[in-house]
Amino acid sequence: QAVSNALVEARREGVVPWGWIEDRLRRPRHVSMWEGLHDFAETCRAAYRRDVWSTQPEYVEVWLEKDALSGIFEDVLENYGVTLNVGRGYDGWASIHSAACRFNSRQTTVHVVYFGDFDPSGEDMARSLKERLGDCGSCPEIVKAALTQEDIERYDLPPNFTKTTDTRRAAFVAKFGDQSVELDALPVEVLRSCLVDAVESLMDLDALRKVTAQQETERRALTQALRKISEQKCPSQKKEETQQ
């Protein structure tokens, strides 16, 4: 609470920029509006995306344990068209069932790249995902990209003790020792690099570039078409101008 109060004062005083802290739960639900078709054309251009997976030999998704890091992941994955699933700990059954349906609709091998803490629960989540997705009839390839024991040693990350209340603690401590490190401990640039490497190792980058190039061509055509429509006066406008 003391830290929270200090951050409030720091932001109000301008010491800490407001944009440094994000509230993903309390968001206004805006009604989308535009100044006209010319304005809407820009929205259409930005929103239009070709399906990159139609030319990819395999399908990839990234699953993340912690919502606090989702903004970083979204920024990276946007360029690749990769879906991000945030579990906030152990994923709920509704999300698992939805994912299984999503995976089973694919005619290719499905890869789930998992990012989570290095602790008893974080290490167990990949197993849990595989088991519960299997119960729903889906068997994707699941790999934990981070955080691993190798990451901790390589980047000399500060450890903490495992939670004594975690029912998976005994098995974890017997295997790795009494240490736990959160995914957040990785430097941001290292985390981004790890994410990029994991995704690019599973995608056909040449196919992705071709789809992206075609997408840009079609975006320009779409924008030009909408601008031409916006420049044409509708009958009601012409009638109004005649009356004036």
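The largest cavity holds about 70 Å³ of space. A cavity here is a set of points on a 1 Å grid over the protein atoms alone, where a 1.4 Å probe fits but cannot get out. Grid points are joined across faces, edges and corners, and a volume is the space filled by probe spheres set on the points. The structure has one cavity of 30 Å³ or more. This is a predicted model, in which local features need pLDDT of at least 70 and side-chain atom pairs count only at pLDDT 80 or more, while totals for chains, interfaces and linings use all residues. Residues are numbered from 1 along each chain as its sequence is written, and side-chain values use heavy atoms, with hydrogens and water left out.

Lining residues have an atom within 4 Å of a point. The largest cavity has 14 of them, and Gly87, Gly89, Asp91, Tyr114 and Leu129 lie nearest its centre. At least two lining residues come from each of β1 (59-64), β2 (83-86) and α5 (120-135); these labels are DSSP runs numbered from the N terminus, helices being H or I with at least four residues and strands E with at least two. The largest share, four residues, is supplied by α5. By class, the lining has seven nonpolar, four polar and three charged residues. Ala, Val, Leu, Ile, Met, Phe, Trp, Tyr, Cys and Pro count as nonpolar, Asp, Glu, Lys and Arg as charged, and the others, Gly among them, as polar.

Next comes the open space. The largest pocket has a volume of about 250 Å³. Of the 13 residues lining this pocket, Asp117, Asp119, Lys163, Ser180 and Glu182 are the closest to its centre. A pocket is an open set of points with protein on both sides within 12 Å along at least five of seven lines. The lining of the largest pocket divides into three nonpolar, four polar and six charged residues.

Now to the helices. Two packed helices are described by the angle between their axes and the distance between the axes. Axes are lines fitted to C-alpha atoms, for helices over the stretch in contact, and angles run from 0 to 180 degrees between N-to-C directions. Angles under 35 degrees count as roughly parallel, over 145 as roughly antiparallel, 65 to 115 as roughly perpendicular and the rest as oblique.

Helix α5, which also lines the largest cavity, packs against helix α4 (residues 93-104) at about 70°, with the axes 9 Å apart. The two are therefore roughly perpendicular to each other. Trp93, Ile96, Ala99, Ala100 and Phe103 of α4 make the contact with Leu129, Arg132, Leu133 and Asp135 of α5, where contact means heavy atoms within 4.5 Å. Seven of these residues are nonpolar, none polar and two charged.

Helix α3 (residues 70-77) and helix α8 (residues 188-200) have axes that come within 10 Å and cross at roughly 45°. That makes α3 oblique to α8. In α3, Ile72, Phe73, Val76 and Leu77 meet Val188, Leu191, Arg192, Leu195, Val196 and Val199 in α8. The contact has nine nonpolar residues, no polar ones and one charged.

Helix α2 (residues 37-47) and helix α9 (residues 205-231) pack at about 165°, with their axes 9 Å apart. They are therefore roughly antiparallel to each other. By class, their contact has seven nonpolar, three polar and four charged residues.
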